[in-house]
Amino acid sequence: MAEQSVSYQTLLAQCAQEKSAALEQLYEKEAPAFLALGTSLLQRTTDAEELTRESFALIWRHANAYAPDMGSAKAWMYSILRFRAQQRLKQSPTLSPFIKVKNSLFIPAQAPKDLLPFQYLDEKSRKMIGLAYLHGYSFAEIAKECHSSISHTQKQIHDALLALAPHYSGWHRPINDEVALLGIYCLGLLRDAHAALPAQQLLSADSNAAKDLIQWEGIFCALTACLTPIEPNPRIQQRLFQELGLPISTPTPVKAPVPRPQQPSASLQAILQKPATTRFDTPTTVKATPSAPSSSTPPASTNSDQPDKTQATAQPLATDTSIPSTPAAPSPDQTKRARFTWRPHYIWLIVAFFVLLAALAWLLTPKSPTVQMVQMSPRAGAVLQAPGQTSTPGWVLSVDPEGHVLLAPQVRTDLHPDQSVQLWTQEPSSTEIRSLGLINPNQPVTIPAEIIGQVHVGQIFEMTIEPKEGSAEPSSAVLFIGRVVNFGEYQAPVQEAPTT
């Protein structure tokens, strides 16, 4: 199609001229990737759809603010999407550490050329960058997922960006620690104001720093090829154009998204050279050729792509010629018997009638009430209290029948801007304490069973106040702590042995 060859820069310029067809083309090009990245960051489809609509509305309204010398037009669009995603996460904190998809960075076999330089990084560095950009992980979450310390994670990402930058051209400043700082800032890893201050000062003091920031966005947005595109619902585009007061062409039918084949990124060159395999062999189609009119044998199978249409009409003529051409008139006795012949559908109607009568009789018959014994799964829970307080519950923890852990705050906890609350657990048979991530101390917490695993009686849950980015192990006094106990367990009644 002709519109697919139009550059993003040209389409943005047309959007600045209020040409709605340009926005429609941009939406068609990038909405599936926007929705996939938004879903990966926000974890909820409805939030990702709203984020996609907001981002394209901002792109339309601020298209005149884009200038080609700023950098890639596509990168500028993705910077708007991710900025809005970070704002949403700050305004509505979610319990993302418990529900995020934890996987390595996978690079598809059809990797774009902008993604090829990532092959020069080791697998762990690729995974760290992917967790930050595609899944919105913090330094603490990346360190936990990669079994590393926070300080080592920070250094490894810093060094990986310095190793990655020389493989791209278009930088406006020497590749040094400041360029790496801009890359870390672009990944969204500088969460609090104190950590982000050096990058913000650099952006305000040097106009080229903003261009290099867009350069990093263009590098990282190629990672969206590692996500399976999500075909947006037509109502998203309809709401977008309705909000902007723009006409929209007749929407095309929604196509089912085709999953992109994903392969581990241990060796990108080996992946790109790996031949595609199929699960099933494709059956060959066998078609029949018409038989000769004088032959009564079945036609031989061939691979002809044009079957003879006369075969369907000629074949019935080569039948038994003993059949009379005019049917004989039925005798009077046959006509009389036919009047009293039971047709099959009459029999089924009579059977259905009697079945209905039997069902009504059963329903109207008085019955004694049925007592059903329902066996409930064991339930467990705990009350988390502040050390030294035995009467004031801080949190109530319960384990539902499916094994999900639910925590509800009973008191309010106030924190300084540079503090956070981290949740930990320790199994009764282990001396190692395990981090469950950072939580909002004033909102309920849900930990799915697949994340927490089996909860045992006597298992300890505790909360501590840690630095903003969290800690690899508890570094301060315990805020709340509690031990899991059983609430009760169903006991099957003992059946007496029959007497003889």
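## Helix α9

Buried means under 20% relative accessible area, exposed over 50%, and partly exposed in between (1.4 Å probe, protein chains only). In this predicted model, helix α9 spans residues 177-186, and its buried residues are Val179, Ala180, Leu182, Gly183, Ile184 and Cys186. Helices are DSSP runs (H or I, at least four residues), numbered from the N terminus. These buried residues pack against α4 (73-91), α7 (139-145), α8 (150-164), α10 (193-205) and α11 (207-220); contact means heavy atoms within 4.5 Å.

Asn176 caps the N-terminal end of α9, with a side-chain oxygen 3.1 Å from the backbone nitrogen of Glu178. After α9 comes Gly188, which has a positive phi, near 80°.

Phe354 belongs to helix α16, residues 344-364. Because its relative accessibility is 51%, Phe354 counts as exposed. Together with Ile350 and Leu357, Phe354 makes a nonpolar surface patch of about 280 Å². An α-helix has 3.6 residues a turn, so residues three or four places apart point the same way.

## Confidence and conventions

Mean pLDDT (the predictor's confidence in each residue, from 0 to 100) is 75 for the protein, and 67% of its residues reach 70 or more. Residues 94-102 have pLDDT below 50, with 33 contacts in the model beyond near neighbours in sequence. Residues 256-327 are also below 50, and that stretch has 62 such contacts. Where pLDDT is low, the predicted coordinates should not be read in detail.

Residues are numbered from 1 along each chain as its sequence is written, and side-chain values use heavy atoms, leaving out hydrogens and water. Local features need pLDDT of at least 70 and side-chain atom pairs count only at pLDDT 80 or more, while totals for chains, interfaces and linings use all residues.

Notes. Patch = residues over 30% accessible without salt bridge, like charges linked within 9 Å, V, L, I, M, F, W, Y side chains within 5 Å. Areas by Shrake-Rupley, 256 points an atom, 1.4 Å probe, with all protein chains shown as cover. Salt bridge = Lys/Arg side-chain N within 4 Å of Asp/Glu carboxyl O. Helix = DSSP H or I, 4+ residues; strand = E, 2+ residues; numbered from the N terminus. Polar contact = N/O pair within 3.5 Å; in protein donor to acceptor, adjacent residues only side chain to side chain.
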